[in-house]
Amino acid sequence: MNTLHHKTIRTGLLGEHLSHSFSPQIHAALAGDRYSYELFERAPEEVEAFIKGDEWDALNVTIPYKQTVMPYLDVISDEATRIGAVNTVTRLPDGRLKGENTDYFGFARTLTACGCDPKGKKALVLGNGGAAATAVTVLTDMGAEVVLLGRSHRSVGGILPEPYETVYERHPDAAVVVNCTPVGMYPRLVGQSPIDLHKLPRVEAVFDMVYNPARTALLQDAAELGIPAYNGLLMLVAQAKRACELFLGEDLEDGLIDGIVADIARETGNIILVGMPGSGKSTVGQALAEALGRPFVDTDTLIAEEAGRSIPEIFSADGEEVFRAMETEAVKTAGMMSGAVIATGGGVVTRERNYRPLSQNGRIVFLHRDLDILPVDGRPISQNTSKADLYAKRLPLYNAFADVTVENNGSVTETVGRILSALGYDCETR
């Protein structure tokens, strides 16, 4: 036991910019009120005084200070020494400061939880920064043959990086891929992938340390190829659970991790409504957003605001293809949101390119309404095509896009309840 066991343990996260951190939420779920957890934003020149000061009893550390704090510590764990970074600091009973790296345990827990045994297999680690050091250390300890890919010449764990361009020729037998780069991360690199999985036919597991968006382009590629793929949220919660154990000086149930991961995924994920023109997406979407206390976005409204014209006017003046191009841009904008309810136009599913930006950070709900009660007034496509023909053409597309299907043939309240139930929200949330 290396921290005091009382309700007023002062813990928190040290970093430079912390406004979007999940750490307070995660630690509250793990520990309840057994300790306080604050965000300690400090400038580089303030770090030494803070570490040596008395504002905290136990501490998490994030970028850019995982190496900065190390000279001020008295004891550093083996894992942290080999990784070359500390993300958790506790006070030993004699007052000395001990640094550890719970990212090690977080990534190891992710591998085992996902059923991945890398022993004797070739693992590609993409990137040669701090996150890569964690992956390399864990994979090496688990018996993998680690290949490091990087844009610079910086070695990690004694392994020199190879250029990305040669990987397909030199390592077609790679079985595990771990992305430790920011490629695919919100907001600047969304939609990009650091490697082409189609050229690596023996990959059996993909891990991306990015968790915003929840499904990066790399993970979406893996899903399309039928490869099990996991983002960094499980690792984030698992490492926090280990830090919590160090703070409290006791073991916690592993089962806590999965529940917190699911809660964060639900809270931060978008809910996207697709369906026929007139199926009630905007009405139901607004009611759903109000029930959850979330922002509501209508992609048709985004298009009209950007164009300064109504949707029928755009169709009439410029044609459907121009509108569809504008729709894709609106979808990209909405899809990068977090924790929103998004209503889409009835034809959004007619362009396959819209699927990825919609699904990258949320779940898609097909809002189904019986054909005989679908209105057509004021809807450009519906005016030129019969409801039956349009329905027959689009039904397979809605089914292909959707994660779940919900009927909307009753009241708005009933439909909202069905959506919440289908997406796993409990009765209290409703």
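At what angle do helix α11 and helix α13 pack, and how far apart are their axes? I noted first that this is a predicted model. I then looked up helix α11, residues 299-307, and helix α13, residues 320-335. They pack at an angle of about 115°, and their axes are 9 Å apart. Angles of 65 to 115 degrees count as roughly perpendicular, so α11 is roughly perpendicular to α13. I recorded the crossing of α11 and α13 as right-handed.

Next I listed the residues that make this contact. From α11 they are T299, D300, L302, I303 and A307. From α13 they are F323, M326, E327, A330, V331 and A334. By class, the contact of α11 with α13 has 8 nonpolar residues, 1 polar and 2 charged.

I went on to the sheet. In what order do the 5 strands of the open sheet come? I read the order as β8-β7-β9-β10-β11, with parallel pairing. β8 (145-149) and β11 (229-230) are the edge strands, and each of them pairs on one side only.

I looked at one pair in more detail. Strand β9 covers residues 176-179 and strand β10 covers residues 205-208. These two pair in the parallel sense over 4 bridges. I found V176 opposite A205 in β10.

Which helix lies across β9, β10 and β11? I found helix α7, residues 217-224, in that place. Helix α7 runs at about 160° to β10.

Methods
Residues numbered from 1 in each chain as written. Predicted model: local features only at pLDDT ≥ 70, side-chain atom pairs only at ≥ 80, totals over all residues. Heavy atoms only, no water. Pairing = 2+ DSSP bridges. Contact = heavy atoms within 4.5 Å. Axes fitted to C-alpha atoms, helices over the stretch in contact; angles between N-to-C directions. Parallel < 35°, antiparallel > 145°, perpendicular 65-115°, else oblique. Left-handed = near helix turned anticlockwise from the far one by under 90°. Nonpolar A, V, L, I, M, F, W, Y, C, P; charged D, E, K, R; others polar.
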